[in-house]
Amino acid sequence: MAVTIDDVKIKSMKTEDFKDNEYIEKLVEELNATGANVAVGKLDQLINWGIANSLWPLCFGTSCCAIEFMCLGAARYDMARFGFEVARNSPRQADYIMVQGTIVHKMAPALVRLYDQLAEPKYVIACGGCAVSGGPFKKSYCVVDGVDKILPVDVYIPGCPPRPEAMFYGLMQLQRKIKIQKFFGGVNRKEKIKDFFRKHPEDAGEY
Amino acid sequence: MSVKDKISKICPSATFEEGDILLVNVPAKDWRALAEALKHDPELNFDVLTAVVGMDWKETLGVMYYFTATSRNWEMLSVKVAVADRENPYIHTISDLWKVANFQEREVYDFYGIKFINHPDMRRFFLRNDWKGYPLRKDYDKDPKLNPIPENDEKNEDNTVSYVEDPNGVIKPIPSKVFEMHDYVMNIGPQHPSTHGVMRFRVALNGEEVKKIDVVSGYIHRGIEKLCEELGYPQILHFTDRMDYMSAHQNRHCLCMCIEKALGLQVPDRAVVIRTMMDELMRISSHLLAFGCTAMDMGATTAFFYGFREREMVLDIFEKTCGARMSMNYNVIGGVIADLHPDFVKDVKALLAIMPERLKEYHTVFSGNLIAKNRLHVGHLSKEDAINYCITGPSGRGSNWSCDCRKKHPYAAYDRVEFDEVLLDGCDSYARYMVRMKEIEQSCRILEQLVDRIPEGDIRAQVPKIVKLPVGHWYTQVEASRGTFGVYIESDGSKNPYRVHFQSPCFNLVGVMDLCCKGHMIADVITIGAALDFVIPDIDR
């Protein structure tokens, strides 16, 4: 017997109010096709409910978008309403990395390192034109044309910089994506310690 | 004796070009002697090095220097030094005369490969040490295969080099170390919540005491100046909004003014007043953010909420008129892009009505707080050092240096409004912080005088679709939120600029971190940085 998911609900916004539901429907379809047994499926849902409602961001603002993100933290937009409020400064304590601003060649290895240090399950949001595609600096000699060149991105938020409302929309899309993830045997893949040290030989030491 | 006569007496080989700023052409071999005279001669006495612009004139490489004499009503002078050798270009350093040149010359070396003789620390400033080529040279090879996205961190470079000329004129590299052998070096940044962005400091510590700070910049260096060379004049405007995003209006105002000066364009009066008002609103919003962040960096989170509450009101005004909360893209060549929103006057008056009361609230919450006072009385910067390091803006005025560009070179509508230049003689972080708070009052005063006197008329002048500047070069300055912001444009007569340089105030601010933090505790580094209030994309550009 398998569990099936009919609808992806989050507390803050109705499904029909989202403008792009096709990809969520596609993900649901995929999930239902492979199926999961009742015990694991229900446990998955419980864990996903928990993760989706307490998403802690890693502060990673390089430019203008970071100021708009600060507005999200202030009283008017108040991201605490959605469970995003605890912006962490250490990747060890965060759930996702929200890349706000241009990533240049000198910064790229540092960003990859921070991503590697995040604990599983981890997510990446590309926030703003620069993080999505390089934005106005695309043709520059030292700009990375979109963080998806170096990291797997879950949600793209366009804008230069995106309005706080747009950031909320993107964060809610991430919540919905989390609601239908397979926690067991899915996103909670454990990165092999060997793989990590292959990528970062300078940390390997005695290993 | 005029400046011109004096210079030709000291350096007979110099030639002159008249313009709104006098230009002196000096051969590289005579440059050092002239530089010493410019600094020390009582009749010349150019005490501020305003800008250093690296140049590639195809046959020659060189540097344009802009000097200001504060004692002679802020008279400006520019000096052009060129060298023909493209393989090993050498120019004498002036970083021992004007300390601000230390980082500026490193930037020129990074972009053009010009090596400065006797400079103590000739390393790259923005790009990685393993970068191939000098990107702002006209013959730079942009092939991404040469400089791919790096996979590994840059090796910490402790080796540096200084080029020394012996009496026979032979130039030899003398290697040295950034830190001493037994220094305990701690790394802060680039991903650190309290460095106001992606700044990285390598701090040598003696116990908890700071011994030396090595600034590692370039983690958001986007190559804006090179990008500008491939675009038309109206297309380069938007970059200025994204450098110091907290002075977006002022920066863009400066670039527009520079292009208008070159075109000889008269901006309609309505646009002039609108620009002035927008600049002052931007300054209020910037100083409110600075207040909030200074408080938050010291752990006072509540003050951050207070600052942002009023900042939202300013952002609403911007949004209604410009259509965006940040990166407004409002100034255009010849005026502004759109007319004021009908609510503008009402909204500004609402802001002005509450600000005095709210400022009082800030002072109660934070400024008068004993912990804040004790923690902010750090980072001494004397007036002489402020001038030598060209620390303008609120930070310079906190050291009692009268350096407000709105008073010294009045532009826009600043000559028809009354306001005071806020000067405090505390010379520490607390003075810098208080200057900002008092400048909010002055900005409100300017807005009060202008809000009912916005003239009717056009919002922009007639500008041709394709903007072409005549052959020449121009330099303009405005007072941005953090100091004097300058734009240098050189044109070869085509529709793209030949060279654009942005002289950002934050670049100079970060130069005094080592000086201000020396001898203080490691925790004070954060406070001093917060009170200097630099914006990193403005440094790195």
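In the predicted model described here, B:Asp533 occupies the loop between α17 and α18 (536-540) of chain B, where helices (H or I, at least four residues) and strands (E, at least two) are DSSP runs numbered from the N terminus. The phi angle of B:Asp533 is near 60°, a positive value in a residue other than glycine. B:Asp533 counts as buried, with 27 C-beta neighbours inside 10 Å. A residue is termed buried if 20 or more other C-beta atoms lie within 10 Å of its own, exposed if 12 or fewer, and partly exposed in between, with C-beta atoms placed from the backbone. Residues are numbered from 1 along each chain as its sequence is written, and chains are lettered from A and ligands numbered from 1 in the order in which they are written. As the model is predicted, local features need pLDDT of at least 70 and side-chain atom pairs count only at pLDDT 80 or more, whereas totals for chains, interfaces and linings use all residues.

Helix α17 (residues 522-532) of chain B packs against helix α14 (residues 429-451) of chain B, their axes coming within 9 Å and crossing at roughly 30°. Axes are lines fitted to C-alpha atoms, for helices over the stretch in contact, and angles run from 0 to 180 degrees between N-to-C directions. α14(B) and α17(B) are therefore roughly parallel to each other; angles under 35 degrees count as roughly parallel, over 145 as roughly antiparallel, 65 to 115 as roughly perpendicular and the rest as oblique. The crossing of α14(B) past α17(B) is left-handed, a term applied if the near helix is turned anticlockwise from the far one by less than a right angle, with right-handed used if clockwise. In this pair, B:Ser429, B:Arg432 and B:Tyr433 of α14(B) meet B:Thr527, B:Ile528, B:Ala531 and B:Leu532 of α17(B). By class, 4 nonpolar, 2 polar and 1 charged residues form the contact of α14(B) with α17(B). Ala, Val, Leu, Ile, Met, Phe, Trp, Tyr, Cys and Pro count as nonpolar, Asp, Glu, Lys and Arg as charged, and the others, Gly among them, as polar. Residues are in contact if their C-beta atoms, placed from the backbone, lie within 7 Å.

Residues making the contact include B:Leu281, B:Ile284, B:Leu288 and B:Phe291 of α7(B), together with B:Phe304, B:Phe308, B:Arg311 and B:Val314 of α8(B). The contact of α7(B) with α8(B) comprises 13 nonpolar, 4 polar and 2 charged residues.

The domain assignment, which is automatic or taken from a database, divides chain B into domain 1 (1-140) and domain 2 (224-540). The centres of these two domains of chain B, taken over C-alpha atoms, are separated by 27 Å. Their contact takes 20 residues from domain 1 of chain B and 18 residues from domain 2 of chain B. On the side of domain 1 of chain B that touches domain 2, β3 (48-56), β4 (61-69) and α3 (101-112) each supply at least two residues. β3(B) gives the most to this side, with 6 residues. The residues of that side of domain 1 divide into 15 nonpolar, 3 polar and 2 charged.

Between the chains, the contact takes 35 residues from chain B and 35 residues from chain A. On the side of chain B that touches chain A, α4 (224-228) and α8 (301-322) of chain B each supply at least two residues, and α8(B) gives the most, with 4 residues. This side of chain B has 15 nonpolar, 9 polar and 11 charged residues.

Chain A has 9 helices and 4 strands. Buried residues make up 42% of the 207 residues in chain A. A:His105, in the loop between β2 (96-100) and α4 (108-117) of chain A, is buried, with 24 other C-beta atoms within 10 Å. Leaving aside neighbours within four places in sequence, A:His105 is in contact with A:Cys142, A:Val144, B:Arg128, B:Asn147, B:Ile149 and B:Pro150.

The peptide bond from A:Cys160 to A:Pro161 is cis, with omega near -15°. A:Asp78 has a positive phi of about 45° although it is not a glycine, and with 15 C-beta neighbours inside 10 Å it counts as partly exposed.

Terms used. Two residues are in contact if their C-beta atoms, placed from the backbone, lie within 7 Å.
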